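I opened the notebook to record what I looked up in this structure, entry by entry. The model goes below, before my notes on it.

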Amino acid sequence: RSWYEKDDETGCLVIILCVIAVIALLFIGPAITMWLWNWIAVSLFGAPTIGYWTAFGLQWLCHILFGRTVTIRSKS
């Protein structure tokens with residue numbers, strides 16, 4: 001039996017905790033991006049400081065542009 005089939009309450013709790021963790025990471029990532037941008041890009045390149053929602057959009061844009069990887073398999 002799987003972990004979610006052992007007990008209905010345990011399975012629901014695990015699923016709820018996973019959803020909460022994904023949502024938390026979704027909102028913590030842009031905060032880290034904002035902090036790093038304002039720390040590095042502003043001092044090195046003279047870039048303007050960015051806010052949370054700009055970092056959120058920047059992170060999504062980077063995910064769209066660079067998030068997909070291409071795997072090339074060699075024939076051995």
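My entries follow, from the whole chain down to single residues.

**Ground rules.** I am working from a predicted model, in which local features need pLDDT of at least 70 and side-chain atom pairs count only at pLDDT 80 or more, whereas totals for chains, interfaces and linings use all residues. I number residues from 1 along each chain as its sequence is written, and side-chain values use heavy atoms, with hydrogens and water left out.

**Whole chain.** I looked up the secondary structure and found two helices and zero strands; helices (H or I, at least four residues) and strands (E, at least two) are DSSP runs, numbered from the N terminus. I then noted that buried residues make up 11% of the 76 residues in the chain, where buried means under 20% relative accessible area, exposed over 50%, and partly exposed in between, with a 1.4 Å probe and protein chains only. The chain exposes about 6800 Å², and carbon and sulfur atoms supply 70% of that area; accessible areas come from the Shrake-Rupley method with a 1.4 Å probe, and for residues only the protein chains shown count as cover. For contacts (heavy atoms within 4.5 Å), I recorded that 34% of those between residues at least 6 apart in sequence join residues at least 24 apart.

**Cysteines.** How many disulfides does a search of the whole structure find? The search finds zero, with a disulfide taken as a pair of cysteine sulfur atoms within 2.5 Å.

**Aromatic pairs.** My search of the whole structure gave six aromatic pairs; rings of Phe, Tyr and Trp (its six-membered ring) pair if their centres lie within 6.5 Å, and planes under 30 degrees apart count as stacked, over 60 as edge-to-face and the rest as tilted. One of them is the stacked pair of Phe-27 and Phe-56, at 5.9 Å centre to centre with 25° between the planes. Phe-27 lies in helix H1 and Phe-56 in helix H2 (residues 52-66), so this pair ties together parts that are 29 residues apart in sequence. Phe-27 is partly exposed at 39% relative accessibility, while Phe-56 is buried at 17%. I next checked Tyr-52 and Trp-53, whose ring centres are 5.0 Å apart with planes at 85°, so the pair is edge-to-face. Tyr-52 counts as partly exposed at 22% relative accessibility, and Trp-53 counts as exposed at 60%. Ring pairs link Phe-27, Tyr-52, Trp-53, Phe-56 and Trp-60 into a cluster.

**Gly-29.** I found Gly-29 in helix H1 (residues 8-45); it counts as buried because its relative accessibility is 15%. Gly-29 and Gln-59 are 30 residues apart in sequence, and their C-alpha atoms are 7.9 Å apart in space.

**Asn-38.** Asn-38 is also placed in helix H1, and a relative accessible area of 26% makes Asn-38 partly exposed.

**Nonpolar patch.** Last, I noted a nonpolar patch on the surface, formed by Leu-25, Ile-28, Ile-32, Trp-35, Leu-36, Trp-39, Ile-40, Leu-44 and Phe-45, with about 1000 Å² of accessible area together. Patches are made of residues with over 30% relative accessible area and no salt bridge, like charges being joined within 9 Å and nonpolar side chains (Val, Leu, Ile, Met, Phe, Trp, Tyr) within 5 Å; a salt bridge is a side-chain nitrogen of Lys or Arg within 4 Å of a carboxyl oxygen of Asp or Glu. Leu-44 has its place in helix H1 and counts as exposed at 61% relative accessibility.
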